[in-house]
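How can the strands and helices of this chain be read as an arrangement of sheets with helices packed on them? The paragraphs below go through the sheets in turn and then turn to a pair of helices.

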Amino acid sequence: MFEEPMPAPRTLPDDDSRDVESFATILAEELPGTWTVHHHQHQQHEDQFLHAEEVWDLNNVAAALAEYALGADAHLIRDDGTHLYVTLHPRHDEEFLVAAMAPSGAAPEAFAGVREPDGIAVPADAERAARAITADLLPRYDIALAQVRHNAMNPPQPLPSADAQPQQVVMTWLEDGSLAAVTTARPAAEALVSEGFAWNTTAGAYVLSGDDTRAQAHAVQAAGARLARLGFATVLRAAVRPAAEATLPTPPPGARTAARAR
């Protein structure tokens with residue numbers, strides 16, 4: 001069985017006088033911020049894919065890269081890490097294509113559900129092009145980048161199996177009426193702290209003051225509801241007698257750090 005050969009890429013007219021390097025250099029001066037320019041001349045069609053691997057586009061720019069041998073591109077990199085890709089518009093000889101580059105180092109899962117900030121066609125006038133990029137492409141890029149960074153910092157938790165036992169947060173009344181909660185899980189610790197519990201080294205637990213019993217009861221209910229949404233069961237131990245001391249498990253290493261995270 002023979003595979004059909006890939007169609008040859010379409011080429012630009014021989015008289016196309018647009019200069020990607022010159023345009024990108026002037027464009028960098030017109031855009032807000034400080035940019036560096038890296039120009040690439042393609043010796044063969046495959047070269048353009050090496051420089052366009054991270055182009056964050058599933059629309060016109062991606063189509064142009066797949067269909068045409070564009071000959072050259074430029075990368076514009078701002079001092080805050082913003083990364084743009086510039087190349088010729090193959091269908092309009094008075095325009096260029098500009099797209100954002102996806103952030104490097106983020107796991108593929110972080111891009112799930114994030115809409116690509118597709119590139120745009122801009123006029124060969126660098127000043128007008130800079131206005132279009134600033135008003136259209138860069139705001140959409142900032143939104144997409146923020147979503148990716150949020151996803152990277154908050155990866156989805158795997159669903160528990162049907163026979164898995166829920167994790168527990170143990171709450172124990174102390175002699176002074178305060179409530180000590182013990183957990184080894186960072187999400188649970190963050191939930192406790194957000195509802196008013198504070199790490200207490202002496203108790204070795206997250207402690208909720210009992211000075212205001214009404215506020216304490218409300219905080220316990222709110223913490224329990226938040227923990228339940230996270231998949232944690234709450235175990236509330238009966239108040240101990242004055243002669244007895246509350247014995248609490250030793251918190252895991254890093255519990256102090258978890259208590260500070262909000």
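Two strands are taken as paired if DSSP finds at least two bridges between them. In this predicted model, strand β4 (residues 72-78) and strand β5 (residues 83-88) run antiparallel and are joined by five bridges; D73, for instance, has T87 in β5 as its bridge partner.

This pair belongs to an open sheet of five strands, which follow the order β2-β4-β5-β6-β7 with antiparallel pairing. Because β2 (35-41) and β7 (120-123) each have a single partner strand, they stand at the edges, and one side of each is left without a neighbour in the sheet. On average, and with direction ignored, neighbouring strands of this sheet are turned by 25° against each other.

Helices accompany these strands. Helix α1 (residues 20-30) lies across β2, β4, β5, β6 (95-100) and β7, and runs at about 15° to β4. Helix α3 (residues 60-67) also packs on the sheet, where it touches β5 and β6, and its direction makes about 110° with that of β6.

Another open sheet is formed by five strands in the order β10-β11-β9-β8-β12, and here the pairing is mixed. Its edge strands are β10 (198-200) and β12 (232-237), each of which pairs on one side only, while the twist from one strand to the next averages 35°. Within this sheet, strand β8 (residues 167-173) and strand β9 (residues 179-182) pair in the antiparallel sense over four bridges, and the partner of W173 in β9 is L179. Helix α6 (residues 213-229) packs on this sheet and touches β8, β9, β11 (205-208) and β12, with a direction that makes about 170° with that of β8.

Helix α6 also meets another helix. Two packed helices are described by the angle between their axes and the distance between the axes. For helix α5 (residues 186-194) and α6, the axes come within 9 Å and cross at roughly 155°. Angles over 145 degrees count as roughly antiparallel, and α5 and α6 are therefore roughly antiparallel to each other; their crossing is right-handed. Which residues make this contact between α5 and α6? On the α5 side they are A188, A191, L192 and S194, which meet A223, R226 and L227 in α6. By class, the contact of α5 with α6 has five nonpolar residues, one polar and one charged.

Terms used
Residues are numbered from 1 along each chain as its sequence is written. This is a predicted model: local features need pLDDT of at least 70, side-chain atom pairs count only at pLDDT 80 or more; totals for chains, interfaces and linings use all residues. Side-chain values use heavy atoms; hydrogens and water are left out. Helices (H or I, at least four residues) and strands (E, at least two) are DSSP runs, numbered from the N terminus. Axes are lines fitted to C-alpha atoms, for helices over the stretch in contact, and angles run from 0 to 180 degrees between N-to-C directions. Contact means heavy atoms within 4.5 Å. Angles under 35 degrees count as roughly parallel, over 145 as roughly antiparallel, 65 to 115 as roughly perpendicular and the rest as oblique. A crossing is left-handed if the near helix is turned anticlockwise from the far one by less than a right angle, and right-handed if clockwise. Ala, Val, Leu, Ile, Met, Phe, Trp, Tyr, Cys and Pro count as nonpolar, Asp, Glu, Lys and Arg as charged, and the others, Gly among them, as polar.
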